[in-house]
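Please read the following report beside the sequence and the model. It begins with charged pairs and then turns to the chain as a whole.

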Amino acid sequence: NTQVIPWLEAHRDTPFFLYLHSVDTHFPHVLKEPDNQWVDPGYDLSQLNDDGSWNIFRRKDGKPYTEADKAYFRGLYDGALHYTDRQVGILMDYLE
């Protein structure tokens with residue numbers, strides 16, 4: 001939106017085709033309020049190993065993900081969806 005809306009303003013009287021591809025639902029997730037409401041603030045990130053790859057997290061102990069790990073990842077994803085949905089809503093409101 002920070003790039004699209006100013007472009008739309010500058011081309012207000014010109015027909016356009018707009019294709020947006022959001023990657024905000026993919027790692028890495030950087031969530032702020034209110035989008036982080038599904039992430040347990042007490043979750044211990046130290047048990048995950050960030051290896052810097054697209055397979056961002058692995059458990060340091062090599063064991064399968066626990067239910068707490070899975071809840072953490074679901075919370076990140078839900079927050080990313082929430083953020084993306086709000087941004088699409090802002091754009092739709094602008095277009096109206």
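Asp 35 counts as buried, at 3% relative accessibility, where buried means under 20% relative accessible area, exposed over 50%, and partly exposed in between (1.4 Å probe, protein chains only). Its partner in a salt bridge is Arg 86, the closest N and O atoms being 2.7 Å apart; a salt bridge here is a side-chain nitrogen of Lys or Arg within 4 Å of a carboxyl oxygen of Asp or Glu. Because Arg 86 lies in helix 2 and Asp 35 in the loop between helix 1 (4-10) and strand 1 (48-50), the pair ties together parts that are 51 residues apart in sequence. Arg 86 itself counts as partly exposed, at 31% relative accessibility.

The model is predicted, so local features need pLDDT of at least 70 and side-chain atom pairs count only at pLDDT 80 or more, whereas totals for chains, interfaces and linings use all residues. Residues are numbered from 1 along each chain as its sequence is written, and side-chain values use heavy atoms, with hydrogens and water left out.

| Salt bridge | Closest N and O atoms |
|---|---|
| Arg 86 and Asp 35 | 2.7 Å |
| Arg 59 and Asp 69 | 2.7 Å |
| Glu 67 and Lys 70 | 3.4 Å |

Arg 59 is buried at 12% relative accessibility, and Asp 69 is buried at 0%. Glu 67, by contrast, counts as exposed at 55% relative accessibility, while Lys 70 is partly exposed at 34%. Salt bridges that share partners join Arg 59, Asp 61 and Asp 69 into one network.

Along the sequence, the chain follows the pattern α-β-β-α, with helices (H or I, at least four residues) and strands (E, at least two) taken as DSSP runs numbered from the N terminus. The radius of gyration of the chain is 18 Å, well over the 12 Å that the globule rule gives for 96 residues, so the chain is more spread out than a compact globule; this radius is taken over C-alpha atoms, and the rule is 2.2 Å times the number of residues to the power 0.38.

Of the 96 residues, 23% count as buried. The largest nonpolar core is made up of six residues, Val 39, Tyr 43, Leu 48, Tyr 72, Phe 73 and Leu 76, such a core being a set of buried Ala, Val, Leu, Ile, Met, Phe, Trp, Tyr and Cys residues joined through side-chain atoms within 4.5 Å. Helix 2 supplies the largest share of this core, three residues.
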